Amino acid sequence: MKNLKTKISTIEAQCLSELKKARSLESLESVRVSYLGRNGALTDLMSTLKTLSLDDKRTFGPALNQLKQRLTLAYESRKSELEKKSNTSDALFDVTAYKPHQMQGSLHLYTQIIEQLSSIFISMGYTIADGPEMETEYYNFTTLNIPEDHPARDSHDTFWLSQPDRLLRTHTSSVQAHGMEKTPPPLALFAPGRCYRNEATDATHDFMFTQGEGVFIDKNVSMAQLLATAQTFLQQFFGTEKLKIRVRPGYFPFVEPGVEIDGSCPFCDKGCSVCKYTTWIELLGAGLIHPNVLRVNGIDPDQYNGFAFGFGIERLAMIKYGITDIRLFHSANIPFLKQFA
Ligand code: FA5
């Protein structure tokens with residue numbers, strides 16, 4: 001019987017010490033299971049009662065029950081201590097915690113390019129303008145000197161919406177009239193934004209893409225100012241003052257004269273795969289704003305004139321970063337996007 005007495009006091013001492021050492025509710029639970037659980041040390045000891053004589057049963061039965069009560073009480077009290085601790089913010093916030101291999105977010109390439117372009121135009125005194133992507137025929141075409149029967153409408157493969165007179169804008173030139181309505185001249189606006197054309201996609205064409213539109217209106221605005229603006233912004237965007245521009249005639253109903261502006265290849269002076277071995281790259285559509293566009297927006301073309309230019313933002317980014325497929329931009333392809341993180 002001495003043996004049983006020793007066992008009782010050993011189990012009590014061990015269990016109390018392990019309860020004290022438990023630092024979390026999980027480790028406390030495993031102490032409970034190993035002493036008070038169905039196959040725990042105390043339950044095991046209790047099962048030996050049936051082998052004892054009646055006298056010994058009278059002695060050890062109550063002794064074991066009291067031990068069970070003491071250990072259960074000790075367990076409950078340690079549990080409430082640990083619960084209290086885990087509810088305090090101190091316990092929740094571990095300043096030394098470090099979680100390796102976390103995925104880190106970054107700005108999307110679109111955002112980065114639009115921010116680069118916007119800050120160049122802001123540094124030249126332009127204001128950033130915005131317009132709706134769901135447009136009316138009026139803003140996308142009519143106000144831009146493209147009446148209903150004008151063949152230029154056919155060159156824009158338009159997504160017409162089921163609501164009458166609603167379409168997805170085919171170019172950011174639609175922001176021109178919104179800008180003129182809001183701000184009397186002189187005005188200088190840069191409008192980056194998403195456009196849509198109902199076209200088959202390939203490596204350089206998408207049904208959804210972004211354009212940047214520049215509009216400048218003041219008195220005595222000249223073609224020379226347009227060309228200087230275009231060259232300055234392209235030099236800054238591509239990070240080279242060596243970049244030159246050249247001008248070819250171009251047709252857009254909302255400018256007169258209209259021009260296409262090419263930039264000298266920012267990567268070579270003898271020809272390379274980016275400039276298709278021509279040393280020039282087509283970059284902007286531009287021109288002096290047509291008097292009809294000014295007039296329809298309440299600006300007297302005898303007092304004011306201006307220039308406008310537009311370009312594909314993906315196209316500029318593809319040249320700058322050597323991207324070979326425009327569809328990667330909105331593909332959510334993580335390895336592609338990570339290169340620009
Ligand atoms: C226009 O959209 C005129 N609004 C630009 C303009 C503004 C001219 C102001 C004069 C004054 P265009 O259709 O050429 O022009 O488109 C301009 C650029 O948008 C193209 O050079 C190209 O880079 C980009 N773009 C046009 N269609 C697509 C397409 N389907 N996918 C990707 N980029 C496109």
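# Questions on a predicted protein–ligand model

The protein chain of this predicted model has a secondary structure of 13 helices and nine strands.

Colleague: What radius of gyration does the protein chain have, against a compact globule of 341 residues?

Modeller: Start with the span. Along its principal axes the C-alpha trace covers about 120 × 50 × 35 Å. A compact globule of 341 residues would come near 20 Å. The protein chain has a radius of gyration of 38 Å.

Colleague: Which strand gives the most residues to the shell around the ligand?

Modeller: Three strands each supply at least two shell residues: β5 (208-218), β8 (280-289) and β9 (305-312). Four residues come from the top contributor. That strand is β9.

Colleague: How many residues of the shell around the ligand are charged?

Modeller: There are 20 residues around the ligand, and H171, S173, R197, E199 and D206 come nearest. By class, the shell has seven nonpolar and eight polar residues. The charged ones number five.

Colleague: Which residue has a side-chain N or O atom 2.8 Å from a nitrogen atom of the ligand?

Modeller: The side chain of R197 has an N or O atom 2.9 Å from an oxygen atom of the ligand. A polar side-chain atom of E199 is 3.0 Å from a ligand nitrogen. The pair at 2.8 Å, with a ligand nitrogen, belongs to S173.

Colleague: With those pairs in place, how much of the ligand's accessible area does the protein cover?

Modeller: On its own the ligand has 680 Å² of accessible area. The protein covers 85%.

Colleague: Is Q211 buried or exposed?

Modeller: Q211 lies in strand β5. Its contacts beyond four places in sequence include H171, R197 and F311. A polar atom of its side chain is 3.0 Å from the backbone nitrogen of T172. The relative accessibility is 12%, and the cut-off is under 20%, so Q211 counts as buried.

Colleague: Which backbone oxygen does the side chain of Q112 reach at 2.6 Å?

Modeller: Q112 sits in helix α6 (residues 109-123). Beyond four places in sequence, Q112 touches L107 and F340. The backbone oxygen of L107 is 3.0 Å from a polar atom of the Q112 side chain. The backbone oxygen at 2.6 Å is that of F340.

Colleague: Why does Q112 count as partly exposed?

Modeller: Partly exposed lies between the buried limit, under 20%, and the exposed limit, over 50%. Q112 falls between them because its relative accessibility is 21%.

Colleague: How far apart in space are the C-alpha atoms of H290 and F254?

Modeller: H290 is in the loop between β8 and α11 (291-296). It is buried, at 17% relative accessible area. Its contacts beyond four places in sequence are N145, P253, F254, V255 and E256. H290 and F254 are 36 residues apart in sequence, but their C-alpha atoms are separated by 5.2 Å.

Colleague: What is the relative accessibility of N220?

Modeller: N220 is not a glycine, yet its phi is positive, about 55°. N220 is in the loop between β5 and α10 (223-238). It counts as exposed, and the relative accessibility is 70%.

Colleague: Which loop holds K276?

Modeller: Most residues other than glycine have a negative phi. K276 has a positive phi, near 50°. K276 is exposed, at 66% relative accessibility. Its loop is the one between β7 and β8.

Methods
Residues are numbered from 1 along each chain as its sequence is written. This is a predicted model: local features need pLDDT of at least 70, side-chain atom pairs count only at pLDDT 80 or more; totals for chains, interfaces and linings use all residues. Side-chain values use heavy atoms; hydrogens and water are left out. A residue is near a molecule or strand if one of its heavy atoms lies within 4 Å of it. A polar contact is a pair of N or O atoms within 3.5 Å; within protein, one must be able to donate a hydrogen and the other to accept it, and residues adjacent in sequence count only if both atoms are side-chain atoms. Accessible areas come from the Shrake-Rupley method with a 1.4 Å probe; for residues, only the protein chains shown count as cover. Ala, Val, Leu, Ile, Met, Phe, Trp, Tyr, Cys and Pro count as nonpolar, Asp, Glu, Lys and Arg as charged, and the others, Gly among them, as polar. The radius of gyration is taken over C-alpha atoms; the globule rule is 2.2 Å times the number of residues to the power 0.38. Buried means under 20% relative accessible area, exposed over 50%, partly exposed in between (1.4 Å probe, protein chains only). Contact means heavy atoms within 4.5 Å.
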